[in-house]
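Subject: Structure for your review

Dear colleague,

Please find the structure below, together with its sequence.

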Amino acid sequence: MRRRILKIGLITLASLAALVLVAALTGTAVFRGSLARLDGRGAVPGLEADVAIERDALGVPRITAGSREDAARALGWLHAQERFFQMDLLRRAAAGELAELLGPALLATDRDIRRHRFEARLEADLITFDEPSRALLDAYAAGVNAGLDALRARPFEYLVLRRKPSPWRPLDSLLVVASMHLDLGLSTADTDLAAGLVRDTLPPALADFLLPGAGHWDAPVQEGSSPPPAIPGADAVGDGRDLRVAAAAAGGRTSTRASLFAGESVPRHDRAGSNNWAVAGRLTA
């Protein structure tokens, strides 16, 4: 009986190990199938001539083509191979279609974005594009779809979400621009409104001191630096007791701006940005 139990246990463990191994190999094969092609030759429909995509030692690609349309088609192919899921998120963010991909938790976000009607507005704009611009958008979209089709497996994010990626449209490239507007423009709307209230309410000298154009740590393109604004004197500041009255009057235009002078906390924003630079330690003290 002990030998039989031991034999059954060994068979069970071996079967489990085999299942784990098969699952790991299958997952690895599927994941590798969704990775971009880095070598070899391939046919991309619509190209007028050969296009070369080369990568340097860091993997940064360089496209060499005989025309802008061919370069746009190759760029779309390259983007789809390496970043289609991120592209999909950008277009969906502006179209208000994130919940379709990521679930009902984003319904409120989609409803808020759809008030802007980016998709309808940009579709109307697209009709007015001149022929060369439209040709570039068409070539890029065709390249994206060709690059997506060339993958042996859909990007792994869609496998996790159990969704299929939708084809890219020329309109989607414009939605990406709208998505960047949402990220870089509307994200600072409250701050911009608050700054407007400061300018409308405070004496100019005090407003300039509180809202300097640049500071000690800023690096302007032109030579030299921006000196900090002077501290205003008492005569320039005036009577601070009048500020709440002025803020209440401005509250008719926007309650957000008035609330900053009514004792409420200033909304916190993400101050992260792009285009940050660093140099090697050997170049610094």
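The side chains of Glu82 and Arg55 form a salt bridge, with N and O 2.4 Å apart; the term stands for a side-chain nitrogen of Lys or Arg within 4 Å of a carboxyl oxygen of Asp or Glu. This pair connects distant parts of the chain, as Glu82 belongs to helix H2 and Arg55 to strand E1 (residues 52-55), 27 residues apart. Helices (H or I, at least four residues) and strands (E, at least two) are DSSP runs, numbered from the N terminus. Glu82 is partly exposed at a relative accessible area of 32%, and Arg55 is partly exposed at 26%. Here buried means under 20% relative accessible area, exposed over 50%, and partly exposed in between (1.4 Å probe, protein chains only).

Please note that this is a predicted model, in which local features need pLDDT of at least 70 and side-chain atom pairs count only at pLDDT 80 or more, while totals for chains, interfaces and linings use all residues. Residues are numbered from 1 along each chain as its sequence is written, and side-chain values use heavy atoms, with hydrogens and water left out.

As to the overall architecture, the chain has 13 helices and 2 strands. Of its 285 residues, 25% count as buried. Among contacts (heavy atoms within 4.5 Å) with a separation of 6 or more, 63% are between residues 24 or more positions apart. The chain exposes about 20000 Å², of which carbon and sulfur atoms supply 59%; accessible areas come from the Shrake-Rupley method with a 1.4 Å probe, and for residues only the protein chains shown count as cover.

The search of the whole structure gave 12 salt bridges. One of them joins Arg62 and Glu54, whose closest N and O atoms are 3.0 Å apart. Arg62 is exposed, at 53% relative accessible area, whereas Glu54 is partly exposed, at 40%.

A further salt bridge pairs Arg92 with Asp88, again with closest N and O atoms 3.0 Å apart. Both residues lie in helix H2, 4 residues apart, or about one turn of the helix, and both are buried. Asp88 also makes a side-chain polar contact with Arg91, at 2.8 Å. A polar contact is a pair of N or O atoms within 3.5 Å; within protein, one must be able to donate a hydrogen and the other to accept it, and residues adjacent in sequence count only if both atoms are side-chain atoms. Arg91 lies in helix H2 (residues 68-95) and is buried, with a relative accessible area of 6%. Beyond its neighbours within four places in sequence, Arg91 contacts residues including Trp168, Arg169 and Asp172. A network of salt bridges links Asp88, Arg91, Arg92, Glu100, Glu119, Arg169 and Asp172.

Helix H5 (residues 118-127) has Phe118, Leu122 and Leu126 buried. Seen down the axis of H5, these buried residues fall within an arc of 65°, so they line one face of the helix; the arc is that of the directions from the helix axis to the C-beta atoms. Arg121 and Ile127 are exposed on the other side of H5. The cover over the buried residues of H5 includes H2, helix H4 (107-114), helix H6 (131-150) and helix H8 (170-184).

Yours sincerely
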